[in-house]
Amino acid sequence: MPTIHVTVDQLDHSSSKGQARDHALIMDRPEPKGGQDKGPMGGEALLMGLGGCFMSNLLAAALARDIKLSDARADIEGDLADAPPRYTAVRMRVSGSCDPAGELPKLVTIAERGCIVANTLRGALDLTVDCGEA
């Protein structure tokens, strides 16, 4: 299997820069936690990574099936626990409009099965995905 490689480098006392291929993401802590709020926290980036991975698969599934998908959105929330700090559950609500109508649930199922991040997280916490057409 192929290997994906990214780097994360320190920028200053609280922020870092993640690099994947030619793309960068600045991550930081919010000011109340001693950061400078230059970007999302790593845990927020993880949730955004789930959404980005899922959305990539969703859009590819629609394109491959000649389904017009518009206004696609993934709203993601994670429940936190401490000792050790971690997500205990993640919920993703997917919405959008399909032409032909009624195809979103099928696309969501296909995207969920193909999403590397969802497949990885599913073994570690309670992950739920549901959908509704706009």
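This briefing covers a pocket, a strand pair and a surface patch. The model is predicted: local features need pLDDT of at least 70, side-chain atom pairs count only at pLDDT 80 or more, and totals for chains, interfaces and linings use all residues. Residues are numbered from 1 along each chain as its sequence is written, and side-chain values use heavy atoms, leaving out hydrogens and water.

**Largest pocket**
- The largest pocket holds about 710 Å³ of space.
- A pocket is an open set of points on a 1 Å grid over the protein atoms alone, where a 1.4 Å probe fits, with protein on both sides within 12 Å along at least five of seven lines.
- Its lining has 22 residues, a lining residue having an atom within 4 Å of a point.
- Val6, Ala20, Leu25, Ala45 and Gly49 lie nearest the centre of the largest pocket.
- α1 (42-64) is among the elements that supply at least two lining residues each, and α1 gives the most, with 7.
- Helices are DSSP runs of H or I, at least four residues; strands are runs of E, at least two.

**Strands β2 and β3**
- β2 (residues 16-20) and β3 (residues 23-27) run antiparallel, joined by 5 bridges.
- Strands pair if DSSP finds at least two bridges between them.
- Gly18 has Leu25 of β3 as its bridge partner.
- The hairpin has 2 residues between the strands, and Arg21 takes a positive phi near 55° there.

**Nonpolar patch**
- Ile4, Val6 and Ile116 make a nonpolar surface patch of about 330 Å².
- Patch residues have over 30% relative accessible area and no salt bridge, with nonpolar side chains joined within 5 Å.
- Ile4 is found in the segment before β1 (7-10).
- Ile4 has a relative accessible area of 72%, so it is exposed (over 50%, 1.4 Å probe, protein chains only).

Key
Patch = residues over 30% accessible without salt bridge, like charges linked within 9 Å, V, L, I, M, F, W, Y side chains within 5 Å. Areas by Shrake-Rupley, 256 points an atom, 1.4 Å probe, with all protein chains shown as cover. Salt bridge = Lys/Arg side-chain N within 4 Å of Asp/Glu carboxyl O. Buried < 20%, exposed > 50% of the residue type's maximum accessible area, 1.4 Å probe, protein only. Points joined across faces, edges and corners; volume = space filled by probe spheres on them.
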